[in-house]
Every structure is written in structure tokens, then in C-alpha cells.
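Subject: Structure handover

Hello,

Here is the structure for you to look over. My notes follow below it.

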Amino acid sequence: MGTPDPQVDEVFAQATQWKPEMERLREILLDVDDLVEARKWRQACYVFEGANVVIISAFKEAATLNFFKGSLLADPNGVLVQPGPNSQASRFWKFASVEEIG
């Protein structure tokens, strides 16, 4: 299990939207071997071997996992969304409830 970063604790303490969903996503990511939690861009970022992999974010309509190179991931269920027409690699996975996360 990964070690929570105290600076990321601050990020979640200040969250006003989608806090339970973001905390559940954090639990899952901290349970992934070799991911390191860090605060980057005022968000919870998860790093593997020095490379940024995913950020947890809150938007108006959902909490999200934002994969930096999500276009390289297999997505047989079609859950990953391209954030905009000019985005090349990043992809979002949106969650509107803790139940959706599991």
C-alpha cells in the first residue's frame, strides 16, 4: 500500500465538491503497488517510476481520474473520455457517485 502524502491530505481537506468520490479514488490508487502519491498542480497526482500517470480532479459534473496518456490504454467498456478536440493523449474517467466507483 502506498503512503499518503500530507500535502495531498490538504487537497482533500479543502475539497468542496465530490469529496467522498475523490477520497474513494485515492484509497484505490494508494492500494496500487509502486504508485507514489504527490501534490502537483494543487491536485492529487500519482506517479510511477518518475512519470505522472493519473490525477484525481473534481469538476462541476463529476469527480474524475485524469490519465496523462489515457489514449494508450485499452478501453473495451468505453469509459474514457477525450477532454477536448485538441487533446492528444489525456483521457478522463468520470464518476458521479461513490457507488459508480465501487
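Which strands does H2 lie across, and at about what angle does it run to E3? H2 lies across E1, E2, E3, E4 and E6. Its angle to E3 is about 160°. Please bear in mind that this is a predicted model.

The sheet comes next. It is open and has six strands, in the order E1-E2-E3-E4-E6-E5. The pairing is antiparallel. Strand E1 (35-40) and strand E5 (80-81) are the edge strands, each pairing on one side only. E4 pairs with strand E6 (residues 91-95) over five bridges, in the antiparallel sense. There, Asn 66 stands opposite Phe 92 in E6.

H1 also lies across part of the sheet: it covers E1, E2 and E3. H1 runs at about 60° to E1.

Now the core. The largest nonpolar core has 18 residues. Leu 25, Leu 29, Tyr 46, Ile 56 and Leu 65 have the most contacts inside it. At least two core residues come from each of helix H1 (6-14), helix H2 (19-30), strand E2 (43-48), strand E3 (51-58) and strand E4 (63-67). H2 gives the most, with four residues. In general, nonpolar side chains of soluble globular proteins tend to be buried together.

Leaving out residues up to four places away in sequence, Ile 56 touches Phe 12, Met 22, Leu 25, Arg 26, Leu 29, Gln 43, Ala 44, Tyr 46, Thr 64 and Leu 65.

Best wishes

Terms used
Residues are numbered from 1 along each chain as its sequence is written. This is a predicted model: local features need pLDDT of at least 70, side-chain atom pairs count only at pLDDT 80 or more; totals for chains, interfaces and linings use all residues. Side-chain values use heavy atoms; hydrogens and water are left out. A nonpolar core is a set of buried Ala, Val, Leu, Ile, Met, Phe, Trp, Tyr and Cys residues joined through side-chain atoms within 4.5 Å. Buried means under 20% relative accessible area, exposed over 50%, partly exposed in between (1.4 Å probe, protein chains only). Contact means heavy atoms within 4.5 Å. Two strands pair if DSSP finds at least two bridges between them. Axes are lines fitted to C-alpha atoms, for helices over the stretch in contact, and angles run from 0 to 180 degrees between N-to-C directions.
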